[in-house]
Amino acid sequence: MKNPPNANGSATGIGWRHPHYGELLERQPDLDFLEVHSENFFAEGGAALAVLERARSVYPISLHGVGLSLGSAVGVDAWHLEQLERLVKRIDPVRVSDHASFARGVFNQATVHAADLLPIPFSREALDVLCANVQRLQDRLQRRFMVENLSAYLGWKNHPEEEPVSEPDFLVELARRTGCALLVDVNNIYVNALNAQKSGTAGDPVARCRDWLDAIPAAAVGEIHLAGHCHVSDEHGDIVIDDHGSRVCEAVWQLYRHAIQRFGPVATLIEWDTDIPALEVLLDEAARARALAEQSCEPVA
Amino acid sequence: MSELARQQQALLAALLAWPSQEAEKAMAEHVGHPWARGLMAYQANGHALAVRALGASYPVLVQLLGEDSFASLARAFWHAQPPVKGDVTQWGEALPAFLAGSSQLQDEPYLPDVARVEWALHRCANAADAQADASTFPLLMERDPDRLALELAPGCALVQSVWPVASVMTAHLEANPDFAAVGRRLGEGVAETALVWREGLRACVRETWPGEAELLATLLGGQALGPALDRAVELEFNAWLPMAVHTGLLLRVKPIDAAPA
């Protein structure tokens, strides 16, 4: 089993996706952990699970979910919890996470799942629901869970009788009430800031992201995600999409440096989910993250 | 209903209703401006996911329909019967019935049965693993077949059709038979029963041998080997047995003890 070798205690991993299953197991590159999407391994058996178990004998595994729908007003699906619990027992992951989002709800009198990471309002009611679902999950898994901030392409109106709450304050309160950790996706913060700038609701995106990161206490952070995004311009307008389909941009690297200076050594993941390139490209991105972490991990606050 | 539930229902409706204009108007009262471009991004993501997820479960259907037609089908199915679970690989079981009900596909009446085979293969690939136990095979020589059960491979399933569904599948997955032969069988209306099973970690499909479908259907129904053999009058069991062991279809033989008095 490989262990985090970095002198400062941080760990660097990559999202391990199907095109790299064989090559990575053969080469066994110097990575501190692998991240996989939990739902891809919910099967009772079969090839995917066998491959994951092989990887588990070499690398620590971080299970990252995309389907728990933790912010759903109709609650978390008991079936989903069962599958995740079984997988956690089987793999004994180093970390388990999902998003501050919803996808499950009622449509045409039936409970459906939109298979996406849909935003939740930063309202008192949404916080209560999110906290209850995260607490239920942690009780079930008997471990600390991590919740990731979203890239959101639309925002909810503020409740007329509530003071507006910022996303970092909302997440910090979630962590305080449940004891969960926060998975800080730096690219998501930047994508949101770029879209806010495009819509004229915010100014300099890098400054906005620094403020976001500065609002998060270091002790709450369990992992950092880095990924690429794309700019889409068409007849319908301009938007930045968190597509995980390119290298991490320079602004996000800058913000990552700021984040690890603030948070100290935190496990860091390179995510790449569309137009997946050669494994070497991911390893190169991971090496850059590791080098930055080694240079910059003296906390400043 | 809580405000949060109202908000979430409004967004889900704007994503899943088709046409979506009315649902979008209803959603607009809950969200801040601008929202149209963002909503479009979520709608496009849902459609792309539908095509990708169903395409992974139904690769032969993609080949039969062509990528554009399959994408249209996937989008229509997404709106008609959206996923209910957070694991999107669980979504798509109802596609064969959806195909059967499609007026546009009435000229290709074998497609629903091909889809049934594909779903059986998809389920088979993810079934719980099981190991063969050759030490149990001598029981076949020692015991009355009425007192024996056969344990079959994970995900073992039969799909009976009035169409040559097994040939359609293997032609696309293994280039055997060739497409000309499959076309002739379709034209002649040759009926086939497809057998799906797992050989190790590999999900496989083939046409059943004469009498094999009756044998396996009886065994899969939980009955003993004796009645299964009685129904499989056309099966050459002595030839079938080594083949079934060799290809991982038969995993073990289990004695059935007499019920306690």
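Predicted model: local features only at pLDDT ≥ 70, side-chain atom pairs only at ≥ 80, totals over all residues.

Trainee: How many of the residues of H9(B) are buried, and which elements do they pack against?

Mentor: The buried residues of H9(B) include B:Val165, B:Ser167 and B:Met169. They pack against helices H4 (59-65), H7 and H10 (179-188) of chain B, and against strands E2 (157-161), E3 (192-199) and E4 (202-207) of chain B. H9(B) is mostly covered, and the number of its 10 residues that are buried is seven.

Trainee: Why does B:Ala166 count as buried?

Mentor: B:Ala166 lies in helix H9 (residues 165-174) of chain B. Leaving out residues up to four places away in sequence, B:Ala166 touches B:Glu192, B:Ala194, B:Val205, B:Arg206 and B:Glu207. A residue is buried if 20 or more other C-beta atoms lie within 10 Å of its own; B:Ala166 counts as buried because its C-beta neighbours inside 10 Å number 23.

Trainee: How far apart in space are B:Ala166 and B:Leu216?

Mentor: In sequence, B:Ala166 and B:Leu216 are separated by 50 residues. In space, taken from C-alpha to C-alpha, the distance between B:Ala166 and B:Leu216 is 16 Å.

Trainee: Is chain B compact or spread out when set against the globule rule?

Mentor: Chain B has 13 helices and five strands. The globule rule gives 18 Å for 261 residues, whereas the radius of gyration of chain B is 23 Å, well over that value. The C-alpha atoms of chain B fill a box of roughly 75 × 50 × 30 Å along the principal axes. Chain B is therefore, by this rule, more spread out than a compact globule.

Trainee: And how does the radius of gyration of chain A stand against the value from the globule rule?

Mentor: Chain A holds nine helices and 12 strands. For its 301 residues the globule rule gives 19 Å, and the radius of gyration is close to this, so chain A is as compact as a globular protein of that length. Its C-alpha atoms fill a box of roughly 55 × 45 × 45 Å along the principal axes, and the radius of gyration itself is 19 Å.

Trainee: Which strands pair with E12(A), and in which sense do they run?

Mentor: Strand E1 (residues 12-15) of chain A is joined to E12(A) by three bridges, with A:Ile14 having A:Ile270 as its bridge partner. Strand E9 (residues 221-226) of chain A is joined to E12(A) by four bridges, and here A:Leu226 stands opposite A:Ile270. The sense in which both E1(A) and E9(A) run with E12(A) is parallel.

Trainee: Which residues of E12(A) point the other way from A:Ala267 and A:Leu269?

Mentor: In a regular strand the side chains alternate between the two faces of the sheet. In strand E12 (residues 267-270) of chain A, A:Ala267 and A:Leu269 point one way, and all four residues on the two sides are buried. The residues that point the other way are A:Thr268 and A:Ile270.

Trainee: In the hairpin of E5(A) and E6(A), which residue takes a positive phi?

Mentor: Strand E5 (residues 102-107) of chain A is mostly covered, with five of its six residues buried. E5(A) pairs with strand E6 (residues 110-118) of chain A in the antiparallel sense over five bridges, and A:Val106 stands opposite A:Thr111. Two residues lie between the strands of the hairpin, and the residue with a positive phi, near 55°, is A:Asn108.

Trainee: Which element gives the most to the side of chain B that touches chain A?

Mentor: The contact takes 40 residues from chain B and 44 residues from chain A. Helix H1 (3-16) and helix H3 (36-57) of chain B each supply at least two residues of the chain B side. By class, that side has 24 nonpolar, 11 polar and five charged residues. The element that gives the most, with 11 residues, is H1(B).

Technical notes: Residues numbered from 1 in each chain as written. Chains lettered and ligands numbered in written order. Contact = placed C-beta atoms within 7 Å. Nonpolar A, V, L, I, M, F, W, Y, C, P; charged D, E, K, R; others polar. Rg over C-alpha atoms; globule rule 2.2 N^0.38 Å. Buried ≥ 20, exposed ≤ 12 C-beta atoms within 10 Å, placed from the backbone. Pairing = 2+ DSSP bridges.
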